[in-house]
Amino acid sequence: MKIISEITYFAPTTIEEAVELLQKHPENSCLLAGGTDVVPALKKQVEKPRVIIDLKKISGRIRNIELKTIENIESIESIERIESIESKNQQELFIGTLVTFCDLLDSALIRENYPLIWEMSKVVASVGIRNRATIVGNICSAVPCMDSGPVLLTYDAKVQTNKRIIPIENFWIGPRQNCLSIDEIVLGITIISTSPKSHVSAGRFVKLMRYRGEDLAQASIAILINSFESAATATAEVKIAFGAVAPVPIRAYAIEKIISKQINQWDEWNEWDQMMEEALATIPDIIAPISDLRASAEYRLHMVGVMFKRGLKDAILRLQGNGSKYGSSLI
Amino acid sequence: MNKIEFMLNGEKIEVWANAHKTLLELLREDLGIKSPKCGCDLGDCGACTVFLDGKSVRSCLILVPEVNGCDVVTLEGIMRPNLTKLQQFFLDHNSFQCGFCAPGMVLSATELLQKNPTPTLEEIKEGLSGNLCRCTGYTPIINAVADAVATTVATTINE
């Protein structure tokens, strides 16, 4: 399939130049990173831009994966508080716009600190695509079945652009639509979390697909459990998000509430069945799956329940240290 | 038209091309490099795989100006002058019938073994999962890579 429309190609070397180009061609320009979404869209004439602005020649931070510690100095009040200072230490992860899924898989930093991002990257298409496709491109294309969406939701990620910082939940406004203005460029994704010293964290990403290697998700789910232990009690928070079963990836706050309540009075799986029944009953109100060539709405609804049940069980087992290996298949 | 300079299989190439031309079209139609094949032309099948700066990519999803200043290697480039050891294993196992997927398979397997010289069967399947073969059912292809891994491991131990 040839691209039939003529295009003018620009490869700016700075963000400022790229913004200028966007301002000069407000109607018919398109940003290019990996191109694994843009080029098929050009071929199928889903998009007909006249101007392509390739970001790959821009150097600097947008190529990096960075992890830095944010010290919270204000809370130093007395020696007694030293422990709580430690627990208030936060870390910030930055994933630049040109970081590919293969970069994420090769990063020890991601694998150790953000295993859900690693687990998700492992099921994005195949090596040849992952070498090129970027996680920022994935969220900017805003296809409802994107793999990175649910995971970024559970990590409460933020999108940093040349103009502002947008919570990931507000980033998508509909299928294939993001909230960026015409001259706005995403610089990267940030995730702020408490330092791993103060809590144990485990999760599970499950992607339902017909075969590995190239298929898009029929449905996906990300579950993240953070357990904060202090001298007196352990408190846990659970975050759950679904993909490919609504116009945009969505957080399941209703289920999170049910599970968080139960998990903080965890009694060795005794109340598992009851908790599941309560949680599964809320799913139809949260998601709005459609029928398309990959799966029917009924199948998606059913499988989301199955994936949630198995996923949560595995996430809890991983938190306890005897769950499956990250990257293993669950369905 | 854009002027593009890049390295192709170790040789410097200078071409003038339209920006809406893909690397696959340039290689096959203008430069006579026929190992990358046009299968689905949408990045699914892996038949058009080439190495770009050492990584396997879909040449059908890359616009020609994107490779300006880059290093492109196709199957023609890695098998100079003879078959690679890995290709010999594919040959010994009768891995291919029509051969359309072969260049992509060889490149993907080469990259896999460069990154991980001792992959498990599961990792081999994962590494080749982006390359579709409509003839063989994949068994002789996977066997060839597994045999290459076993043999290399065996010879390294014997050395």
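Predicted model: local features only at pLDDT ≥ 70, side-chain atom pairs only at ≥ 80, totals over all residues.
On the side of chain B that touches chain A, at least two residues each come from helix H1 (23-30), strand S4 (55-58), helix H4 (102-115) and helix H5 (121-127) of chain B. The most is given by S4(B), with four residues. By class, this side of chain B holds ten nonpolar, nine polar and ten charged residues.

The contact draws 29 residues from chain B and 33 residues from chain A. Of the area that chain B buries against chain A, 24% is supplied by His20(B), Glu66(B) and Glu126(B), more than by any other three residues. Between them, chain B and chain A bury about 2700 Å², of which 50% is on carbon and sulfur atoms.

Within chain A, Glu184(A) is placed in the loop between strand S9 (177-178) and strand S10 (186-194). Glu184(A) counts as buried because its relative accessibility is 2%, below the 20% cut-off. The side chain of Glu184(A) forms a polar contact with the side chain of Arg164(A) at 2.7 Å. A polar atom of the Glu184(A) side chain also lies 2.9 Å from the backbone nitrogen of Ser181(A). With neighbours within four places in sequence left aside, the residues in contact with Glu184(A) are Leu22(A), Leu31(A), Thr161(A), Asn162(A), Lys163(A), Arg164(A), Ile166(A) and Cys179(A).

Methods. Residues numbered from 1 in each chain as written. Chains lettered and ligands numbered in written order. Heavy atoms only, no water. Contact = heavy atoms within 4.5 Å. Buried area = accessible area lost by both parts, 1.4 Å probe. Nonpolar A, V, L, I, M, F, W, Y, C, P; charged D, E, K, R; others polar. Buried < 20%, exposed > 50% of the residue type's maximum accessible area, 1.4 Å probe, protein only. Polar contact = N/O pair within 3.5 Å; in protein donor to acceptor, adjacent residues only side chain to side chain.
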